[in-house]
Amino acid sequence: MGASYQVRGNVAVITLDNPPVNGLGYDTRREFSAGVERALADAAVAAIVITGAGKAFSGGADIKEFGSPKAVGEPNLLSLIRQLEGATKPVVAAVHSVCMGGGLELALGCHYRVAAPGANVALPEVKIGLIPGAGGTQRLPRVLGVETALNMIVSGEAVKSELLAAIPGQKLFDRIFSEDLLDAACGFAGETAAVHAAGQPLPLVRELKATHPNADAYFQFARNMVKGMAKNFPAPARCVDAVEAAVKRKFDDGMAYERELFTALMFTPECKALRHAFFGERAASKIPDVPEDTPQRTIRKVAVIGAGTMGGGISMNFLNAGIPVVILEMKQEALDRGVATIRKNYDNQVRKGKLKQDKLDARLALLSTTLDYADIADADMVIEAVFEEMGVKEKVFKKLDEVMKPGAILASNTSTLDVNKIAAFTKRPQDVVGTHFFSPANVMKLLEVVRGAKTAKDVLATVMALAKKIRKTAVVSGVCDGFIGNRMIEQYSRQAGFLLEEGCTPAQVDRAVEKFGFAMGPFRMGDLAGNDIGWAIRKRRYLEKPHMRYSKTADLLCEMGRYGQKTGAGWYDYQAGKREAMPSPVVVAMIDKHRAELGITPRRISDDEIVHRLVYSLVNEGAKILEDGIASKASDIDMVYLTGYGFPLHRGGPMCYADQQGLFNVVQTMKRFAANPHDDASFWQPAPLLATLAAESRSFT
Ligand code: NAI
């Protein structure tokens with residue numbers, strides 16, 4: 001594995017071969033470099049073609065090596081490119097399928113490039129908080145023009161090879177070949193060899209000029225655009241700086257500047273956060289005791305029980321992925337209502353131009369409904385989304401146990417109930433699993449996969465793979481009250497309540513949290529989700545845990561009938577039909593009165609205190625979740641918060657944020673909070689895991 005070498009006629013073919021996407025890892029780079037040397041030394045070779053085996057030309061850096069010494073071991077990518085540019089025989093890159101990041105930078109070091117149509121070409125480094133670091137920002141503008149190149153570098157998005165080849169005056173691709181790419185590339189390489197045999201110099205991208213007729217104005221415009229789009233991330237603005245250097249500086253100076261920017265970005269918290277999320281997403285799909293080659297069950301048809309808020313959204317995920325769905329309900333009216341909502345959601349997408357009419361028709365054709373369990377018996381998986389009451393779940397699961405074919409996966413979307421108890425209603429607890437979707441289920445990325453005590457490994461493996469198919473970020477959680485996400489949010493909500501009692505207004509708390517980067521503060525979030533939901537949960541939860549102190553303000557709010565947007569009033573006031581949250585004097589008066597009854601004198605609380613009391617309440621509970629084995633790694637917790645709770649991406653999730661602050665500092669701050677007489681001192685008792693890691697100067701991740 002690495003790179004292979006072959007001679008065809010008078011052309012040497014060097015094939016990158018490092019599955020799955022020919023990442024430019026250490027061994028691959030060494031073998032590639034040796035291949036180039038060998039070709040140059042062989043008098044029978046007149047030209048070189050480089051290409052990639054399998055499904056890619058090259059996806060760029062080998063992510064398995066990220067951060068290891070191998071990643072920078074010589075020959076590094078810059079050295080390889082220098083070797084290619086110095087080659088005395090023409091080198092042709094034959095690009096197909098995927099040509100990204102370092103793969104594209106390598107191709108730009110070749111004398112010529114040819115491509116198959118349909119290849120995805122990109123410099124995606126910005127997505128992990130970086131800029132291209134091996135000349136991409138200097139060479140791409142020289143072949144594609146400044147504007148096209150900058151668009152690609154700032155967005156990181158892939159563009160198809162044939163579209164790029166169609167840009168007038170472009171020099172990225174010398175030819176697009178629809179026939180067998182390697183044959184055509186070898187033919188092309190042979191021709192170039194003949195031309196250069198007469199002594200004509202080999203073309204180098206570095207010798208081209210990157211120009212713009214109105215450079216200063218254009219880069220000013222680009223900077224403004226980027227500032228608006230990427231306010232929490234430094235990398236996009238650095239992309240503009242680097243591309244500007246391609247226009248304004250000599251090539252080698254531009255290269256040095258690119259390296260300087262790249263290195264500085266590498267150490268920013270934003271880049272660390274993005275890389276953490278990038279690897280966290282991949283790591284989440286790996287379950288420590290479920291090997292990757294665990295056999296999976298085949299899922300050809302899915303049944304959903306309940307056509308309410310969640311059932312409808314859940315069904316859409318499968319329809320979107322081309323998997324037939326049958327929805328079962330108790331009454332025809334409920335089915336009609338559910339299907340009408342699904343149709344309305346799709347119609348909206350068509351109206352916004354996000355979905356074509358024929359696609360909508362195809363999706364709806366996969367949907368059927370029934371009132372009869374006999375019609376779902378042959379489904380490979382059934383997801384229950386009925387009322388959140390154990391009695392109702394019991395009836396449904398007993399029925400499913402009776403009717404479903406052997407081997408069918410029986411999933412529950414419960415958000416608070418014990419999945420082990422639900423499994424025990426059946427004689428096949430090994431087939432039962434929790435699939436906790438988030439609302440709106442067709443939009444939210446997060447799926448908590450709740451692993452029961454008896455859930456079979458192949459059930460987990462199947463559900464994780466299925467989650468990928470329906471484009472969810474799946475994170476495995478053990479069974480506990482609230483699973484990972486809601487168990488942590490409970491502490492966050494309690495702390496938000498204490499802040500009100502001590503002197504904050506809901507608007508002040510929300511503003512501080514949103515300034516930190518959360519999509520929404522806790523009170524605006526409550527109004528959106530419905531404050532009555534939390535009310536119902538608290539009634540149950542705090543009956544079971546009477547020692548848990550919490551602020552009664554949220555209960556008082558619900559007693560006023562202020563459930564949130566759906567009742568036109570919650571923590572905030574709302575105008576009919578509008579979502580804009582307006583501070584409510586009535587609510588502020590209610591909080592003031594409650595505070596006075598508690599005998600608390602209000603004090604001014606800083607944004608910094610607000611944010612850290614809320615975020616560290618997540619962190620401390622997160623540490624307990626790790627201790628309890630509910631989550632198997634800290635990055636899983638971060639993925640839950642990034643994809644399901646609007647935690648700011650540039651902070652990397654609560655655990656990553658705590659690591660970046662330093663766990664010693666986190667614990668010190670918590671001790672300070674514990675001394676506050678109006679807070680709950682036991683609340684700020686650091687979780688043993690947190691205390692240990694802090695004492696040993698270690699981190700969660
Ligand atoms: P919903 O009240 O909107 O819908 C429930 C549907 O189930 C209703 O259409 C009802 O007719 C149907 N149903 C009730 N009993 C049934 C039975 N025995 N057989 C067939 N159909 C039956 O409720 P929602 O919000 O969709 O919640 C469903 C489940 O999803 C609950 O377990 C809830 O805790 C959970 N969940 C809800 C979230 C939310 O934000 N609404 C988020 C995550 C989970």
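# Exercises on a predicted model

**Exercise 1.** Determine which residues of α7 are buried, and work out whether the distance between the end C-alpha atoms of the helix agrees or disagrees with its expected span.

*Solution.* Begin with burial, for which the cut-off is a relative accessible area under 20%. In α7, the residues that are buried are Leu181, Ala184, Ala185, Cys186, Phe188, Ala189, Thr192, Ala193 and His196. Next, take the length: helix α7 covers residues 181-197, and because its 17 residues at 1.5 Å a residue should span 24 Å, the distance of 24 Å between its end C-alpha atoms agrees with the expectation. Finally, look at the two ends of the helix. At the start of α7, the backbone nitrogen of Leu182 has a side-chain oxygen of Asp180 within 3.2 Å, while just after the helix Gly199 adopts a positive phi of about 95°.

**Exercise 2.** Explain why strand β16 can be called largely enclosed, and find which strands pair with it and in what sense.

*Solution.* First consider burial: five of the five residues of β16 (residues 446-450) are buried, so the strand is largely enclosed by the rest of the structure. Then sort the residues by direction, remembering that in a regular strand the side chains alternate between the two faces of the sheet. Here Leu446, Glu448 and Val450 point one way, whereas Leu447 and Val449 point the other way. Turning to the pairing, strand β15 (residues 432-437) is joined to β16 in the antiparallel sense over four bridges, and in this pairing Thr435 stands opposite Val449. Strand β17 (residues 473-477), by contrast, pairs with β16 in the parallel sense over five bridges, with Thr473 as the bridge partner of Leu446. Between β16 and β17 the chain passes through helix α17 (residues 457-469), and this β-α-β crossover is right-handed.

**Exercise 3.** Identify which of the 21 residues around the ligand come nearest, and state what lies 2.5 Å from an oxygen atom of the ligand.

*Solution.* Among the 21 residues around the ligand, those that come nearest are Met310, Glu329, Glu388, Lys393 and Ser415. For Glu388, a polar side-chain atom lies 2.5 Å from an oxygen atom of the ligand. For Ser415, an N or O atom in the side chain is 2.8 Å from a ligand oxygen atom.

Note on methods: Residues are numbered from 1 along each chain as its sequence is written. This is a predicted model: local features need pLDDT of at least 70, side-chain atom pairs count only at pLDDT 80 or more; totals for chains, interfaces and linings use all residues. Side-chain values use heavy atoms; hydrogens and water are left out. Buried means under 20% relative accessible area, exposed over 50%, partly exposed in between (1.4 Å probe, protein chains only). Two strands pair if DSSP finds at least two bridges between them. A crossover is right-handed if, with the strands pointing away from the viewer, the path from the first strand over the helix to the second runs clockwise. The expected span of a helix is 1.5 Å times one less than its number of residues. A polar contact is a pair of N or O atoms within 3.5 Å; within protein, one must be able to donate a hydrogen and the other to accept it, and residues adjacent in sequence count only if both atoms are side-chain atoms. A residue is near a molecule or strand if one of its heavy atoms lies within 4 Å of it.
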